[in-house]
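I opened this entry to record what I looked up in the structure.

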Amino acid sequence: MASGAGYRGTNRCFPLWEDFQQCFFSSQEKKRADCVPAAEDYLECLHHFKEISRVRAIQTVERDNYNKSKANGTDHKIISLSAPGGGGA
């Protein structure tokens, strides 16, 4: 996986892996803490942890706003960005 060679060519995260590898092996004096941002970027590319947590937080706020507006009697629709035409819930 980290080699970058895949069935369809280079992996999308391979450039980030190279950056992390270059940081890690560049100097003997470097500490591991110096390469943490590069490692985080690579892991985010692979697993999307931060992106998923942001999406879940947004969905929670939207759901809460929908429930509050429904309780108040206003018609607030949740728009799905993935559905064609922006269908409501």
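For burial I used relative accessible area with a 1.4 Å probe and protein chains only: under 20% is buried, over 50% is exposed, and in between is partly exposed. I am working on a predicted model, where local features need pLDDT of at least 70, side-chain atom pairs count only at pLDDT 80 or more, and totals for chains, interfaces and linings use all residues. Numbering runs from 1 along each chain as its sequence is written, and side-chain values use heavy atoms, with hydrogens and water left out.

Entry on aromatic rings. I counted Phe, Tyr and Trp rings (the six-membered ring of Trp) as a pair if their centres lie within 6.5 Å; planes under 30 degrees apart are stacked, over 60 edge-to-face, and the rest tilted. My search of the whole structure gave four aromatic pairs. For Trp-17 and Tyr-42 I noted ring centres 5.1 Å apart and planes at 50°, so this pair is tilted. I placed Trp-17 in helix 1 (residues 14–25) and Tyr-42 in helix 2 (residues 36–47), so the pair ties together parts 25 residues apart in sequence. Helices here are DSSP runs (H or I, at least four residues), as are strands (E, at least two), and both are numbered from the N terminus. Tyr-42 is buried at a relative accessible area of 10%.

I then took Phe-24 and Phe-25: the ring centres are 5.1 Å apart and the planes stand at 90°, so the pair is edge-to-face. Phe-24 is partly exposed at 33% relative accessibility, while Phe-25 is exposed at 62%. Ring pairs join Trp-17, Phe-20, Phe-24, Phe-25 and Tyr-42 into a cluster.

Entry on disulfides. My criterion was a pair of cysteine sulfur atoms within 2.5 Å. I found two disulfides. In one, the sulfur atoms of Cys-13 and Cys-45 are 2.0 Å apart, and -90° about the S-S bond makes the link left-handed. This pair links distant parts of the chain, 32 residues apart: Cys-13 sits in the loop between strand 2 (9–10) and helix 1, and Cys-45 in helix 2. I noted Cys-13 as buried at 1% relative accessibility and Cys-45 as buried at 13%.

In the other, Cys-23 and Cys-35 have their sulfur atoms 2.1 Å apart. The torsion about their S-S bond is about -95°, so this disulfide is left-handed. Cys-23 belongs to helix 1 and Cys-35 to the loop between helix 1 and helix 2, so the pair ties together parts twelve residues apart in sequence. Both Cys-23 and Cys-35 are buried. Counting bonded cysteines along the chain, I wrote the pattern as 1-4, 2-3.

Entry on helix packing. How do helix 1 and helix 2 pack? I read an angle of about 160° and axes 9 Å apart, the axes being lines fitted to C-alpha atoms over the stretch in contact and the angle running from 0 to 180 degrees between N-to-C directions. That makes helix 1 roughly antiparallel to helix 2 (over 145 degrees; under 35 is roughly parallel, 65 to 115 roughly perpendicular, and the rest oblique). Contact, meaning heavy atoms within 4.5 Å, is made by Leu-16, Trp-17 and Phe-20 of helix 1 and by Ala-38, Ala-39, Asp-41, Tyr-42 and Cys-45 of helix 2.

Last, I looked up Glu-44, which is found in helix 2. Glu-44 is buried at 18% relative accessibility. Leaving out residues up to four places away in sequence, I listed Phe-49, Lys-50 and Glu-51 as touching Glu-44.
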